[in-house]
Amino acid sequence: MRHLPLLLSFAALSACATPLAERRATGPVAVKIIALNDFHGALEPPGNSVPVTNAGGTTVNVPAGGAAHLATAVARLKAQNSNSLVVAAGDLTSASPFVSSQFLDEPTILAMNLIGLDLNAVGNHEFDRGPDELKRLQGGGCVQHTGRKPCRVDPTFPGASFNYLAANVRTRDGGTLFPATAIRTLGAGARAVRVGFIGLTLRTTPSLVVPTNVASLTFQDEADTINALVPSLRADGAAAIVVLIHQGLYTKVGYNDKSCGGVSGDLLPILAKLDPAVDLVVSGHTHRAYVCDYATIDPTRPMLVTSAGRNGTMLTDIELLVDPARRRVTGKRADNLIVQGAAYTSASGPVPLRSEFPVYAAEPRVAALVNRYVAAATPVAARVVGRMSAPATRQRTPSGESVLGNLIADVQRQATGTDIAFMNSEGLRADLNPTADGSVTYGQLYAVMPFGNTLQVKGMTGAQIRHVLEQQFDSASNTVEQPNMMMVSKGLTYRYDLRRPAGARIMDMRLNGAPVDEARTYRVGVSNFLAAGGDNFTGFTNGTDLPGGAEDIDAFEAFVRAAGTLTPPTADRITRVDVPSGG
């Protein structure tokens, strides 16, 4: 049930009459690709589990993740085939837990060096701190590009021993930020085969990071970029073409089901345009795990499309059979493997190791690296900053708001001294759960908001505010069930109805009970990410820039500390009039 192989053309290997040694000498070369994506600096076992439904219909939770356990899993797979490469499809870093983020993700790069990563396609979060800091992670050194000082634990930082790829990220001089492609030769002599890689991110990256951080860069169409590079890789002798792309799919089947059941997502229209010479697409971004035989959707494009979920909880074990004489792939298969490492206790109780899945012990060198950075981070992370009477979570109400989002909006309104504040829901990266005695630590606050955004003030008319709220429903990736909602600060209320035409869906917008005046200018507090039009909320750029202030995490800490015992707000500021399908 767990590791059903996907066999597309392995029948060619069944020439049983031919001696084994001769078949090994003349048959296809097996190349192993070990893939991950969206690691996001998850160095410690993240307290995550992978739900798996067994043959009896019972769902069990398999504890998974942690860089040291991931290292052992990679080593075990590499030991199966000397012709192996380890690759990633972006977002190795940023939006990271405290231990990595506090140190500018340097420990994640060092861990991936030890694990033996070969290639990583840039993801959108790799640009959170701007291209100069990303180039420092590749090349090393301690030049400071952000508000946080680098090299605080290790006085020197060597940079990544693996290579970043950025085929569709163009600089002002017309070149790419990092190389567009890579070719790796596996095997030797007449049995040597060359595998070509194209690495790229999604072209909408500027809407997912602070736009000013990527103002010097241009992000080009994904399919056009890939198709333009395939001929040159073929000309350079590549017998297999592998795309590493930070864009992904959603499916309605299990993590290792090969049927592509219920497939959707922004990667689909890209796949539909790809050169049929592409053999494998390693994807990411959606944080979903899947193995999809795309030939079941389009027989003219018999490629595999894979994703290993997120946070190092899985690896994708991929095998390509490559004919060295004809320089083409004759078979392929892939399986998602759960990186089961350490048992843990969740809010619902113990999550034990499962004997029906492999267990990967912690690799000593990576474990030592992680422990060293944990020790450096602990005094800061463990500092108690206040108390809370109840958790504040990201769980959405039917209207799309959350208690945690409303809390952060209240924080930012107070910190900026504004009439209204907004918080984008995708900027919340963890729930805020106080300990048994109600204590809240700095590390918990940081986990909620790890991006280091600064708060800004915009002068916006009531009409401009309405326009921004209407943009919640405009994103092409939205669904009727889940619009791209912003959380609002205390005092602002409104209703919305998605049955109404675009531009007229926001109704009865009020501030402290009084109707919002379309002509009046209000002071609005937002992060610099939203202020620059992030998350497709371009309406914020129409406002007037006014003096801003603190970093978001500093404002959060001050708010919690000043509250004594903080009571989270209720999620009752937005009312949805229409009823979602199925709801």
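This is a predicted model: local features need pLDDT of at least 70, side-chain atom pairs count only at pLDDT 80 or more; totals for chains, interfaces and linings use all residues.

Reader: What makes strand 24 and strand 30 a pair?

Author: Two strands pair if DSSP finds at least two bridges between them. Strand 24 and strand 30 are joined by three bridges and run parallel. Strand 24 also pairs with strand 25 (residues 506-511), in the antiparallel sense and over four bridges. There, Leu 492 stands opposite Leu 511 of strand 25.

Reader: How do you know that the side chains along strand 24 alternate?

Author: Leu 492, Tyr 494 and Tyr 496 point to one face and are buried.

Reader: Why are helix 4 and helix 8 called roughly antiparallel?

Author: The axes of helix 4 (residues 106-115) and helix 8 (residues 364-381) cross at roughly 175° and come within 10 Å. Angles over 145 degrees count as roughly antiparallel, and the two helices are therefore given that label.

Reader: Why is the pair of Phe 103 and Tyr 373 called edge-to-face?

Author: Ring centres must lie within 6.5 Å for a pair, and planes over 60 degrees apart count as edge-to-face. For Phe 103 and Tyr 373 the centres are 5.4 Å apart, with 70° between the planes. Phe 103 sits in the loop between helix 3 (98-101) and helix 4, and Tyr 373 in helix 8, so the pair ties together parts 270 residues apart in sequence.

Reader: How do you know whether Phe 103 and Tyr 373 are buried or exposed?

Author: Buried means under 20% relative accessible area. Phe 103 has 5% and is therefore buried; Tyr 373 has 0% and is buried as well.

Reader: What label do the rings of Phe 162 and Tyr 164 get, and why?

Author: The centres of Phe 162 and Tyr 164 are 5.5 Å apart and the planes stand at 50°, so the pair is tilted. Planes under 30 degrees apart would count as stacked and over 60 as edge-to-face. Both Phe 162 and Tyr 164 are buried.

Reader: Why do strand 6 and strand 16 count as edges of their sheet?

Author: The sheet is open, with six strands in the order 6-5-4-1-15-16 and mixed pairing. Strand 6 (163-165) and strand 16 (328-338) each have a single partner strand, so one side of each is left without a neighbour in the sheet. Strand 16 pairs with strand 15 (residues 314-323) in the antiparallel sense over 10 bridges. Within strand 16, Gly 331 is the bridge partner of Leu 321.

Reader: What makes strand 23 and strand 28 edge strands?

Author: Strand 23 (486-488) and strand 28 (544-546) each pair on one side only. They belong to an open, mixed sheet of five strands in the order 23-20-27-22-28. Strand 23 pairs with strand 20 (residues 420-424) in the antiparallel sense over three bridges, with Val 488 as the bridge partner of Phe 422.

How values were computed: Residues are numbered from 1 along each chain as its sequence is written. Side-chain values use heavy atoms; hydrogens and water are left out. Axes are lines fitted to C-alpha atoms, for helices over the stretch in contact, and angles run from 0 to 180 degrees between N-to-C directions. Angles under 35 degrees count as roughly parallel, over 145 as roughly antiparallel, 65 to 115 as roughly perpendicular and the rest as oblique. Rings of Phe, Tyr and Trp (its six-membered ring) pair if their centres lie within 6.5 Å; planes under 30 degrees apart count as stacked, over 60 as edge-to-face and the rest as tilted. Buried means under 20% relative accessible area, exposed over 50%, partly exposed in between (1.4 Å probe, protein chains only).
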